[in-house]
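Please go through the points below with the model open beside you.

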Amino acid sequence: QDQFVLAGMTLGLYRGMDRAQKEMYLRAGELHLFAVSGLNVAILFSILLVLLTACRVPFAARYLTIPVLLLGYTLATGAPPSALRAWFMLSVWSVGRGLRLPTQPVNTVLLAALVLLALNPLTLFQAGFLYSFLAVLAILLGWRGAQRLLAWGQAPDEWGPFRARQPSWPTRAGRLALGTGRAMLIFWLGRGL
């Protein structure tokens with residue numbers, strides 16, 4: 001049964017689960033775990049980027065290959081609108097990076113929204129469309145402000161000894177945890193706007 005749950009969470013394929021399992025997740029309020037969303041696409045994007053970087057794939061090839069691989073995943077999941085939006089936003093940004101164009105994340109998100117609206121103007125009235133783009137914009141716009149707020153009151157790196165400027169593994173892990181927490185807080189605040 002675990003393989004059906006895993007297939008449901010990663011690919012949105014929950015047909016193999018029996019009725020009792022579906023009812024259990026429904027009663028627990030956890031049925032949304034089986035909906036493939038933009039978060040799934042973003043997580044896969046990050047994993048692919050790390051793997052291709054670790055395999056020493058050249059910079060341009062790495063960023064131009066990821067949108068193709070993500071499109072395959074998005075189509076395999078049935079191409080729900082939230083996954084398509086995330087794929088398009090990440091693809092615009094990734095292709096810009098791959099072509100070494102100066103990319104501004106806010107501009108790429110707005111370009112993705114404009115293209116999707118040009119293809120179907122009625123998506124403007126869908127709550128999912130508005131929610132996903134506003135949440136991503138809140139994260140992007142709130143990130144710099146949160147970064148400045150965290151850096152306020154800290155001594156510049158140049159004032160410390162050179163060895164202290166090279167962060168250890170626990171320090172880097174702590175910074176990653178703080179950055180992740182900061183992104184979640186900004187997303188939570190942006191969701192309430």
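Notes on the predicted model

1. The protein chain has 9 helices and 0 strands; helices (H or I, at least four residues) and strands (E, at least two) are DSSP runs, numbered from the N terminus. Read from the N terminus, the order of elements is α-α-α-α-α-α-α-α-α. This is a predicted model, in which local features need pLDDT of at least 70, side-chain atom pairs count only at pLDDT 80 or more, and totals for chains, interfaces and linings use all residues. Residues are numbered from 1 along each chain as its sequence is written, and side-chain values use heavy atoms, with hydrogens and water left out.

2. Of the chain's 193 residues, 27% count as buried. Buried means under 20% relative accessible area, exposed over 50%, and partly exposed in between (1.4 Å probe, protein chains only). Among contacts between residues at least 6 apart in sequence, 60% join residues at least 24 apart. Contact here means heavy atoms within 4.5 Å.

3. Which residues touch the most other members of the largest nonpolar core? They are V41, F45, I66, L70, F88 and F133, out of 24 residues in that core. Helix 3 (38–54), helix 4 (59–76), helix 5 (81–98), helix 6 (105–119) and helix 7 (127–151) are the elements that each give two or more residues to this core. Helix 5 supplies the largest share, 7 residues. A nonpolar core is a set of buried Ala, Val, Leu, Ile, Met, Phe, Trp, Tyr and Cys residues joined through side-chain atoms within 4.5 Å.

4. Helix 4 packs against helix 5 at an angle of about 165°, with the axes 8 Å apart. Axes are lines fitted to C-alpha atoms, for helices over the stretch in contact, and angles run from 0 to 180 degrees between N-to-C directions. Helix 4 and helix 5 are therefore roughly antiparallel to each other; angles under 35 degrees count as roughly parallel, over 145 as roughly antiparallel, 65 to 115 as roughly perpendicular and the rest as oblique. Residues of helix 4 in this contact include Y63, I66, L70 and T74, and those of helix 5 include W87, L90, W93 and G98. By class, the contact has 14 nonpolar, 4 polar and 1 charged residues. Ala, Val, Leu, Ile, Met, Phe, Trp, Tyr, Cys and Pro count as nonpolar, Asp, Glu, Lys and Arg as charged, and the others, Gly among them, as polar.

5. Helix 5 also meets helix 6, and their axes come within 9 Å and cross at roughly 130°. That makes helix 5 oblique to helix 6. On the helix 5 side the contact is formed by R85, F88, M89, V92 and W93, and on the helix 6 side by P105, T108, V109, L111, A112, V115 and L116. This contact has 10 nonpolar, 1 polar and 1 charged residues. Leaving aside neighbours within four places in sequence, F88 is in contact with A112, V115 and L116.

6. Helix 3 and helix 5 pack with their axes 7 Å apart, at an angle of about 35°. G38, V41, A42 and F45 in helix 3 meet residues of helix 5, among them A86, W87, L90 and W93.

7. Not counting residues up to four places away in sequence, G96 touches L101 and T103. From G96 to T108 the C-alpha to C-alpha distance is 8.6 Å, and the two are 12 residues apart in sequence.

8. Most residues other than glycine have a negative phi. R56, in the loop between helix 3 and helix 4, has a positive phi near 60°. R100, in the loop between helix 5 and helix 6, has a positive phi of about 60°. R56 counts as exposed at 75% relative accessibility, and R100 counts as exposed at 60%.

9. L134 lies in helix 7. At 51% relative accessibility, L134 counts as exposed.
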